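Try each task before you read its solution.

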Amino acid sequence: MEIIHIAAECYPVAKAGGLGDVVGALPKYQNELGHVAKVVMPMYRTKFLYDNQWELVHEGGQALGSHWFHYSVIKEKTNKLGFDLYLVDINGLLDREKIYGYDDDNERFVAFQIAVCDWLSRWQHKPDVIHCHDHHTGLIPFMCKYTYAFRYQLANVPTVFTVHNGEYQGWMGWDKYYLIPAYDSWNWGMLDWDNTINPLASAVKCAWKVTTVSPSYMHELRESAAGLQNLFEYEKGKSYGILNGIDTQVWDPQTDNFIAKNYNTELVAKGKQKNKAELCGQFGLDPDKPLITFIGRLVGEKAADLLPDAISQSIYQHHGKANFLVLGSGNQQLEGQLDHMKSQFNGYFNSYIGYNESLSHLMYAGSDFLLMPSRVEPCGLNQMYALRYGTVPMVRSVGGLKDTIRDFGDWQGFGIRFDQATVGDITYSVGRAIDLYANKPDLYQWMRGHMMNIDHSWDASAQQYIDLYTSLKTEA
Ligand code: ADP
Ligand code: GLC
C-alpha cells in the first residue's frame, strides 16, 4: 500500500511536540511492515534542511485567493529517515524559522494544503491513502472531495484524519472564505462549525475515517472537545482510537547519544545514577533525593499553571525531601514564574525555560519520577519515554495516560496515578513518590525493571492503521 502522511511537523526535521515524534516514526514502521509510507510537510528553515541533500521533484503554481503563488516540492535524497520525505517550499510563506506562531498561519497552511493537493492531483497514479494529521492539514479531505480543482483526480482517494490535539482547530472567520479553492457553494456546511471555518471539524466531517491517538481520548472527545463534542458523537461510526507508539530506535537508553551513561534493564540502577549525577550537577540539585521532573509545553492542557504552587507546596509539606526540575516553554507569565522560583528554592528546584531536545533525553534518563498532571492528554509520549528509561511516571488519569499507566497500588502497577489536576492531588502524589523511593526499595527496583520491558513500540499500532486503510480500499 502507498500511504501519504501530510503534517506540519516531523522529527527530526521540525518538531514542536508529540505530533513531530509520531509523524517521524509511524511511516518508518509502516515501511518495515512492507508498505510504502511517505511524508509531505512544509519546508521551514531548519537545520535538517541545510544538513541534507535534496532533489527537485515538482514545481507548480496555484491561487491563494487573488494571489498567485509558486511552489516547489523537494525530496530528501538518501532515505535518511527510513521513508521518503518531501518538503513543500512556498517562498515567503513557509520558509521561516518557526513552525507556528505567525499572524498569517491560516494563509500559510491553506497555501500548503492547496500545493499538496495540486501536486498529488498531477500524479500519474494515485496513492492508496492520504493520511492527514491535525488541523493544519484538516482542509485536505474537503479539498479532495469538493473543490473543482482537485475533485476529479482525488475524490476517490481514501482520506484518514488523525486528531492529535482537539484543542487547536485552526478556526478562520468566513471573511477568509476566498482562500479556499472554488467549490459548489451548497457544500459550505462541510467547512463550517458555529459560523466559522473550522479545519478540524471539516476534517472530521469529510475524512473517510477519523482516528485519535488513544482509545480513552476518543471517548473523552464525545464529552468535551472544545465545542466539537456533538460532532465527534455524530461521527463515531467512522472513528477509532489507536494508541500511539514510540520510536524505540530514537528512544533507547542503551544507545542514546544524548545521555551521560547508556544502560539497559540489568544496568539500570548504575546507569540512572550516573545520569542523575550529571543532571543534578548541571542544575545544582542533590542526587541523594528523589528527583521529580516535568517536560513539556507550558500550557493549560498540561496543567503547567499548577506547577509553581504544586512544587512550592510539595517542598514545604514534604520538608524538602524531593527535588524538582522543569523543562518547558509556552505561557510567558508562567515561564517568568518558573524562572523566578529558581532563586527562591535554590537547591530544591531548578528550571530550563526553552526547547532542548538533548536535555529532555538526559532528564528521562536521570530522573526518578516524571510528572504529568495534564488536564487533557490525547495520548502523551513522555510517559512512554519515561517507562523506557526506567523513570516512574506520575500521571493524572486522563486520555492516553489512563491507557498506558497502572498505579503501583494495583496489581502489577508501575506508576503513580491521581484523579484531579489540582495542587492537592499533585502534592499528595509527591508524598507517595518520596515514600516509594525512600521506604520501598524492592518494589521500586522491580517497577523499574518491569516498566523498561513494556513494549510500546509502534509495531502493533502501525499494523492497526494498516488494517484501517485496508478496510477503506474495499470502500474506494
Ligand atoms: P504534546 O505533543 O502535547 O506536546 P507529547 O507528550 O505527545 O505532548 O509529546 C511531547 C514531546 O515534546 C516529547 O517528545 C517531549 O520530550 C518533547 N518536549 C516538550 N517540550 C519540550 C522541551 N521544552 N524541550 C525538549 N523537548 C520537549
Ligand atoms: C498531541 C497531544 C499528545 C499526543 C501527541 C502525539 O500534541 O497533545 O497527547 O501524544 O499529539 O499524538
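**Exercise 1.** Where is the place of Pro12? Then describe the peptide bond from Tyr11 to Pro12.

*Solution.* This is a predicted model: local features need pLDDT of at least 70, side-chain atom pairs count only at pLDDT 80 or more, and totals for chains, interfaces and linings use all residues. Residues are numbered from 1 along each chain as its sequence is written, chains are lettered from A and ligands numbered from 1 in the order in which they are written, and side-chain values use heavy atoms, with hydrogens and water left out.
- Step 1. Pro12 lies in the loop between strand S1 (2-6) and helix H1 (18-32). Helices (H or I, at least four residues) and strands (E, at least two) are DSSP runs, numbered from the N terminus.
- Step 2. The Tyr11 to Pro12 bond is cis. Its omega is near 5°.

**Exercise 2.** Is Asn52 buried or exposed? Find what Asn52 touches.

*Solution.* 
- Step 1. Locate Asn52 in the loop between helix H2 (47-51) and strand S3 (54-64).
- Step 2. The relative accessible area of Asn52 is 12%. Buried means under 20%, exposed over 50%, partly exposed in between (1.4 Å probe, protein chains only). So Asn52 is buried.
- Step 3. Leave out residues up to four places away in sequence; Asn52 then touches Glu76 and Lys80. Touching means contact, with heavy atoms within 4.5 Å.

**Exercise 3.** At what angle do helix H9 and helix H12 pack?

*Solution.* 
- Step 1. Helix H9 (residues 268-283) and helix H12 (residues 357-366) pack at about 125°, with axes 8 Å apart. Axes are lines fitted to C-alpha atoms, for helices over the stretch in contact; angles run from 0 to 180 degrees between N-to-C directions.
- Step 2. That makes H9 oblique to H12. Under 35 degrees counts as roughly parallel, over 145 as roughly antiparallel, 65 to 115 as roughly perpendicular and the rest as oblique.
- Step 3. List the contact. Among the H9 residues are Leu279 and Phe283; among those of H12 are Leu362 and Met363.
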